[in-house]
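This report goes through one structure, beginning with a metal site and moving on to the sheets and the aromatic contacts. The sequence and the coordinates come first.

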Amino acid sequence: MSDRLLKGIGVSGGIGVGPAVVVRWAMPEVPHRVVPRAQVEKEVRRLRAAVRDVKRYLQDLKAKAEDRAGVDEARIFDAQILMLEDKEFLGGVADLIRENHLTAEKAYEFKALEVRDAWAATGSPRLKDRLTDLSGVAIRVIEHLMHRGSDELWEGITQPSVVVAKELAPGLTVQLDREHVVGLVSEEGTRTSHAAILAHSIGIPAVFGVAGAIERIAPGTMLVMDGTRGTVLLDPTPHEIAEARARELRRRELAAQLEQAVNLPAVTTDGVRIVLRGNVDLPDEIAAAREHGAEGVGLLRTEFLITGHSALPSETEQADYFRRVAEAFPDHPVIVRTYDLGGDKLPAPFRTVSEVNPQLGWRAIRVCLDRPDMFRSQIRAALRAAVHGDVWLMIPLVTRLDELDRTRTLVAEEAAQLEREGVASATSLPLGVMIETPAAAIMADRLAAEADFLSVGTNDLTQYTLVVDRGNARLAERFNPHDPSVLRLLKMVADAARAAGKPASVCGEMASEPLSAFLLIGLGYETLSVAPPALPLIKWTVRQVSAARARAAAEQALAARTADDVLDVLRLALAEAVDLKLLDPDGRLPAARRPASLNV
Ligand code: PEP
Ligand code: MG
C-alpha cells in the first residue's frame, strides 16, 4: 500500500472518496507583444480598468464567503483587495508599461513574478502562506486583461470528485460546491493558508503539502483522501474504501458525543470531580479555552511576550495581559508561569556566550533569579493583575528549595513596594513550583510543604528523567512519559502533595491525551491542565471512567516493566469503560506529543 499512499498535512478534517480532477491553476502564458508608443497610456488605462473590475469580483467573492464560511473568514478577501490596490505594485506595473512598452498583462506578470520571488526569498512562513493569495490576484487580473475567465475550472465537474492542484487560491476554494467537490488535495499550502481556512469553514476535507501530487495522480484516478490524517490513497480497494468510511463515521459519532459533554461537569462515574483547566501559550487561545469550558488557566506561558521582540515588555503591558486573562475566567484561577526562557531562545539582550548544553544550562528560574529587574517586573505585573482576578504565580524548572525561597522574598518585597507606591495590587498571591526535574520530584515532600501548590510539567520531567532531548526527532521513540521511571516520580509527587494538603496538577502535554489522563487520575491527580482543543475529549473520557478503576490500573502500571507494558495495561483497563475505537478512530493512541517548535 505504501507506494499508493501519499502524505501531506491534514488541513480540514474528514474523508473524501472520488475520482481525481486535476486542475492546472497557474499563471497563464502571456504572449510578448510590443505596444506602440502612442498606445502606452491606453494600456495603463486598461490596467486601471482591470483592477477596478477585479476589485468588484473580489467583493462578490467576499459576500459569497460571508454566506458560506463566516464573516471573519470573508476578511481573507480584504487582504486580497489590499494586494490588488497596492499603489507601489501598480506604480511598478505602470512604469514597466511606459518604459518598456509592454502590454498591461505582460507588465503585470513581470511585476507579480518579481514580488513572488522576493517573498519566497525571505523564507518567512507567513509570507509563504500569502504567496497563493498573490498568485490568485495576479492570475485573475492577467486573465481579465486577456479576456479569459478561470471559474470554468469547476464547471466540468459533474460527479463527486477530489480536486487535485498544485496550489489553491481562496477565490477558487470559496466557490466550491460540496456536492461535487468532496475533497481537496494540493501540493502547496499549509494549515494557515487562506484556502485551508476556507476549506475548513465550508466543511470540505483537505490535504495540503502533498509533494508530487500532480505528477503522481493521473486524472480520473480513484482516491480516498483523509483530511484528518493528512493522507491520500490512490486506487483504493473496496475494503479500503469501506474502512475509510467506517473511520469517518466513528469520528463523527465521537464529535457528536464530545459536543454533548462540553457543558457537563467533569466527574468520574464514581463521583470524583476532576478540575480541567486550559494551557494558554498565545492570547488567541484564551477564547478557545473558554469555549471548551476550561475552569481557569493551569499554565499561562509568558514567553511570547519576549521571543520575537527586540525589547522586554513593560510591567504594564504584562499586567494588562494577565488582567485580560484573569477577567476571561472570573470564577477560576489563572496560573501565570514566570518566563521559561533558555538555551538558544534567549531574547537578544540576554544572549551571551552560547552554551554547549543549553537544556542543562542557563534557563527558566535560573535566568529570572540572575536578572532580578526582569523578574521583579513580572512579579509586580502579576500582583497588579491579582486585584482583578484569582491570579497565581508559578516558577519553572525548579531544582532547589532556595529558588522558591528567593522568589517568595521577591514577591513579598514587590508587594510591599507596590503598596508604598500606592499602586492597586494584591498583598500576596499563591506561589507554586513546577515539578519538571527529577531533583524537584525527589524533593516533592519538602517543596509541597513550602509551596502553595505543585504543577507537574511532564514534558520536561520526561526529558530530564530519561535524558532524552524532547525536540530530538531521532530520539522521539525514547521520549515516553509512560516510562515506569516517570510514573514513579509522578506518584511520589501526587503522594507528597496529598500528605502536605497542597493541590497538585499536571500541565504537561500528556494530560491532553485520554489514556494518560486516565493514568494521572489513577495516580491521584484531580486537576489537569490541557491544550484547549483537547478539553472536550478529556472531559468525555473522565465522565466514563471510575477513579477506583483508574487507581487499580495505575497500581498495575507502576508494577510494569516497560513503557509498552504500561500502555498495554492502560489500554486494557480503559477499554472496559470506553469504546477505544470510538475514542481513537485513527487507532493511534497515545497521540499527544508536544511539537518541538514550541520548545523554549
Ligand atoms: C512541561 O515541561 O511539561 C511544561 C508544561 O512546560 P513547557 O512545555 O512549557 O516546557
Ligand atoms: Mg517545561
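The magnesium ion (ligand 2) is coordinated by E436 through OE and by D460 through OD, at 2.0 to 2.1 Å. Donors are N, O and S atoms within 2.8 Å of the metal (3.2 Å for Na, K and Ca), and water is not among the atoms, so sites may look incomplete. E436 lies in the loop between β13 (431–435) and α17 (438–442), and D460 in helix α19 (residues 458–466), so the pair ties together parts that are 24 residues apart in sequence. E436 is buried at a relative accessible area of 3%, and D460 is buried at 2%. Buried means under 20% relative accessible area, exposed over 50%, and partly exposed in between (1.4 Å probe, protein chains only).

The model is predicted: local features need pLDDT of at least 70, and side-chain atom pairs count only at pLDDT 80 or more, while totals for chains, interfaces and linings use all residues. Residues are numbered from 1 along each chain as its sequence is written, chains are lettered from A and ligands numbered from 1 in the order in which they are written, and side-chain values use heavy atoms, with hydrogens and water left out.

**The barrel**

Helices (H or I, at least four residues) and strands (E, at least two) are DSSP runs, numbered from the N terminus. Two strands pair if DSSP finds at least two bridges between them. On these terms, 8 strands make a closed barrel in the order β9-β10-β11-β12-β13-β14-β15-β16, with parallel pairing. From one strand to the next the twist averages 30 degrees. Axes are lines fitted to C-alpha atoms, for helices over the stretch in contact, and angles run from 0 to 180 degrees between N-to-C directions.

Strands β14 (residues 453–456) and β15 (residues 504–506) pair in the parallel sense over 3 bridges, and V456 has V506 of β15 as its bridge partner. Helix α20 (residues 484–500) packs on this sheet, where it touches β13, β14 and β15, and its direction makes about 165 degrees with that of β14. Contact here means heavy atoms within 4.5 Å.

Strand β16 (residues 527–530) has T527 and S529 pointing one way and L528 and V530 the other way, and all are buried. In a regular strand the side chains alternate between the two faces of the sheet. β16 pairs with β9 (residues 275–280) in the parallel sense over 4 bridges, and L528 in β16 is the bridge partner of L276. β16 also pairs with β15, in the parallel sense over 2 bridges, with T527 as the bridge partner of S505.

**The open sheet**

A further 8 strands form an open sheet in the order β1-β8-β7-β3-β4-β5-β6-β2, with mixed pairing. β1 (5–7) and β2 (9–12) stand at the edges with a single partner strand each, so one side of each is left without a neighbour in the sheet. Neighbouring strands are turned by 30 degrees against each other on average, direction ignored.

Within this sheet, β4 (residues 161–165) and β5 (residues 181–186) pair in the parallel sense over 5 bridges, and V164 has V185 in β5 as its bridge partner. Helix α9 (residues 194–202) packs on the sheet, touching β2, β5 and β6 (206–208), at about 55 degrees to the direction of β2. Helix α11 (residues 238–261) also packs on the sheet, touching β3 (15–23), β7 (222–226) and β8 (231–234), at about 120 degrees to the direction of β3.

**Aromatic contacts**

The structure holds 4 aromatic pairs. Rings of Phe, Tyr and Trp (its six-membered ring) pair if their centres lie within 6.5 Å; planes under 30 degrees apart count as stacked, over 60 as edge-to-face and the rest as tilted.

F89 in helix α4 (residues 87–100) and Y108 in helix α5 (residues 104–122) are 19 residues apart, and their pair links distant parts of the chain. F89 is buried at 8% relative accessible area, and Y108 is buried at 2%. F304 lies in the loop between β10 (297–300) and α13 (315–328), and Y321 lies in helix α13, 17 residues apart. Y321 is buried at 6%. F304, Y321 and F322 form one aromatic cluster.

Two charged side chains sit over rings: K106 over the face of F110, at 5.8 Å from the ring centre, and R140 with its charged end over the ring of Y57, 3.7 Å from the centre. A charge sits over a ring if NZ of Lys or CZ of Arg is within 6 Å of the ring centre and within 35 degrees of the ring normal.
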